[in-house]
Amino acid sequence: MKKLIFTSDQHRAFYEKSMARVREDSYHKALFYLLGVSDDTRKMISRLFDFEEDCIRPEALHEGWQTSGTHRLCLMAFNLWNGYTEPGHEQDAAPYDLFACGFAPYMLEGIRLRYPEYCREQEQMQRQSVERDSYYER
């Protein structure tokens with residue numbers, strides 16, 4: 001996988017510190033990468049995630065500190081965590097709405113972290129395509 005893009009040294013430090021507290025898997029990687037993008041979400045991590053119970057806190061999506069951008073960022077992080085969508089507002093989790101903010105490039109990185117087996121580099125995909133085509137030409 002390609003090198004992760006961080007918004008700042010604080011984002012990187014948050015990600016590394018958070019990951020040191022939890023099991024290292026694609027769910028946690030995507031969640032903490034995304035929740036570390038914004039200074040606001042980093043500051044409010046205890047409102048967004050319960051480290052003791054190892055679970056998200058969806059009620060934080062409607063707290064007064066949230067902006068439209070951080071709401072989208074948190075919704076994407078929560079969706080990658082366990083498929084979470086807000087009851088009655090499922091359409092808000094559609095790419096059409098989620099990616100309509102400046103955090104979109106980082107959301108794509110979160111997707112790559114969550115689904116590394118499907119988000120291979122272009123070169124690997126092309127090589128596999130050539131190999132598959134050669135197989136079927138036999």
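Guide: The accessible surface of the protein chain comes to about 8,300 Å², and 49% of that belongs to carbon and sulfur atoms. Such areas come from the Shrake-Rupley method with a 1.4 Å probe; for residues, only the protein chains shown count as cover. This is a predicted model, in which local features need pLDDT of at least 70 and side-chain atom pairs count only at pLDDT 80 or more, while totals for chains, interfaces and linings use all residues. Residues are numbered from 1 along each chain as its sequence is written, and side-chain values use heavy atoms, with hydrogens and water left out.

Visitor: What share of the 138 residues in the protein chain is buried?

Guide: Buried means under 20% relative accessible area, exposed means over 50%, and partly exposed is in between (1.4 Å probe, protein chains only). By that rule, 41% of the 138 residues are buried.

Visitor: How many helices and strands are there in the protein chain?

Guide: Both are DSSP runs, numbered from the N terminus: helices are H or I with at least four residues, strands are E with at least two. The protein chain has 8 helices and 2 strands. From the N terminus on, the order is α-α-α-α-β-β-α-α-α-α.

Visitor: What share of the contacts joins residues at least 24 apart?

Guide: A contact means heavy atoms within 4.5 Å. Among contacts between residues at least 6 apart in sequence, 55% join residues at least 24 apart. Thr-41 is buried, with a relative accessible area of 0%. Leaving aside residues up to four places away in sequence, Thr-41 touches Leu-34, Leu-35, Gly-36, Leu-48, Trp-65, Thr-70, Leu-73 and Cys-74.

Visitor: How do the axes of α5 and α7 cross?

Guide: Axes are lines fitted to C-alpha atoms, for helices over the stretch in contact, and angles run from 0 to 180 degrees between N-to-C directions. Angles under 35 degrees count as roughly parallel, over 145 as roughly antiparallel, 65 to 115 as roughly perpendicular and the rest as oblique. The axes of α5 (residues 68-82) and α7 (residues 104-114) come within 11 Å and cross at roughly 10 degrees, so α5 and α7 are roughly parallel to each other. Arg-72, Leu-73, Met-76 and Leu-80 of α5 make the contact with Met-107, Gly-110, Ile-111 and Arg-114 of α7.

Visitor: How many aromatic pairs does the structure hold?

Guide: Rings of Phe, Tyr and Trp (its six-membered ring) pair if their centres lie within 6.5 Å; planes under 30 degrees apart count as stacked, over 60 as edge-to-face and the rest as tilted. The structure holds 10 such pairs. One of them is the stacked pair of Phe-32 and Phe-51, at 5.4 Å centre to centre with 5 degrees between the planes. Phe-32 lies in helix α2 (residues 26-35) and Phe-51 in the loop between β1 (49-50) and β2 (55-56), so the pair ties together parts that are 19 residues apart in sequence. Both Phe-32 and Phe-51 are buried. Ring pairs also link Phe-14, Phe-32, Phe-49, Phe-51 and Trp-81 into a cluster.

Visitor: Which charged end sits over the ring of Phe-51?

Guide: A charge sits over a ring if NZ of Lys or CZ of Arg is within 6 Å of the ring centre and within 35 degrees of the ring normal. Arg-21 meets this at Phe-51, 3.7 Å from the ring centre. Arg-114 lies over the face of Tyr-27, at 3.8 Å from the ring centre.
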